[in-house]
Amino acid sequence: MPRSAEQQALIDKLIEFLKPYKGKTIGTDVLAAKIAEIYKGKLGKNSPAKQLANLRKSSPEIFKDVKIDCINRGSIRKA
């Protein structure tokens, strides 16, 4: 499904943020915080963590070559 221009602009901001992390590791907590910043007021009922999960599922190409550490209540596991 094609994205609207507004949605694409938000995705582009996220892609720009992720460029320094290509080949490196970033935590889901950092990603969720950045998504909250980028999507401020546009998440509806979704939490930033839920939006991250939705993006990882629907558009995995955004996160290509970025290693993501899933941080869940103080425990860490590799995604």
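This note covers the helix contacts and the pockets of the model.

1. **Basis.** The model is predicted, so local features need pLDDT of at least 70, side-chain atom pairs count only at pLDDT 80 or more, and totals for chains, interfaces and linings use all residues. Residues are numbered from 1 along each chain as its sequence is written, and side-chain values use heavy atoms, with hydrogens and water left out.

2. **α1 against α2.** Helix α1 spans residues 5-18 and helix α2 spans residues 28-38. Helices are DSSP runs (H or I, at least four residues), numbered from the N terminus. The two axes come within 10 Å and cross at roughly 140 degrees. Axes are lines fitted to C-alpha atoms, for helices over the stretch in contact, and angles run from 0 to 180 degrees between N-to-C directions.

3. **Residues of that contact.** From α1 come Leu10, Lys13, Leu14, Phe17 and Leu18; from α2 come Val30, Leu31, Lys34, Ile35 and Ile38. Contact means heavy atoms within 4.5 Å. Eight of these residues are nonpolar, none polar and two charged. Ala, Val, Leu, Ile, Met, Phe, Trp, Tyr, Cys and Pro count as nonpolar, Asp, Glu, Lys and Arg as charged, and the others, Gly among them, as polar.

4. **α2 against α3.** Here the axes come within 8 Å and cross at roughly 100 degrees. That makes α2 roughly perpendicular to α3 (65 to 115 degrees). α2 brings Thr28, Leu31, Ala32, Ile35 and Ala36, while α3 brings Pro48, Ala49, Gln51, Leu52, Leu55 and Arg56. By class, the contact has eight nonpolar, two polar and one charged residues.

5. **Largest pocket.** Its space is about 320 Å³. A pocket is an open set of points on a 1 Å grid over the protein atoms alone, where a 1.4 Å probe fits, with protein on both sides within 12 Å along at least five of seven lines; lining residues have an atom within 4 Å of a point. The volume is the space filled by probe spheres set on the points. There are 14 lining residues, and Arg3, Gln7, Gln51, Leu55 and Ser58 lie nearest the centre. α1 and α3 (48-58) each supply at least two of the lining residues. The lining has six nonpolar, five polar and three charged residues.

6. **Second largest pocket.** This one holds about 180 Å³. Thr28, Asp29, Ala32, Ala49, Lys50, Leu52, Ala53, Arg56 and Ile71 line it. α2 and α3 are the elements that give two or more residues. The largest share, five residues, is from α3. Five lining residues are nonpolar, one is polar and three are charged.

How values were computed: Parallel < 35°, antiparallel > 145°, perpendicular 65-115°, else oblique.
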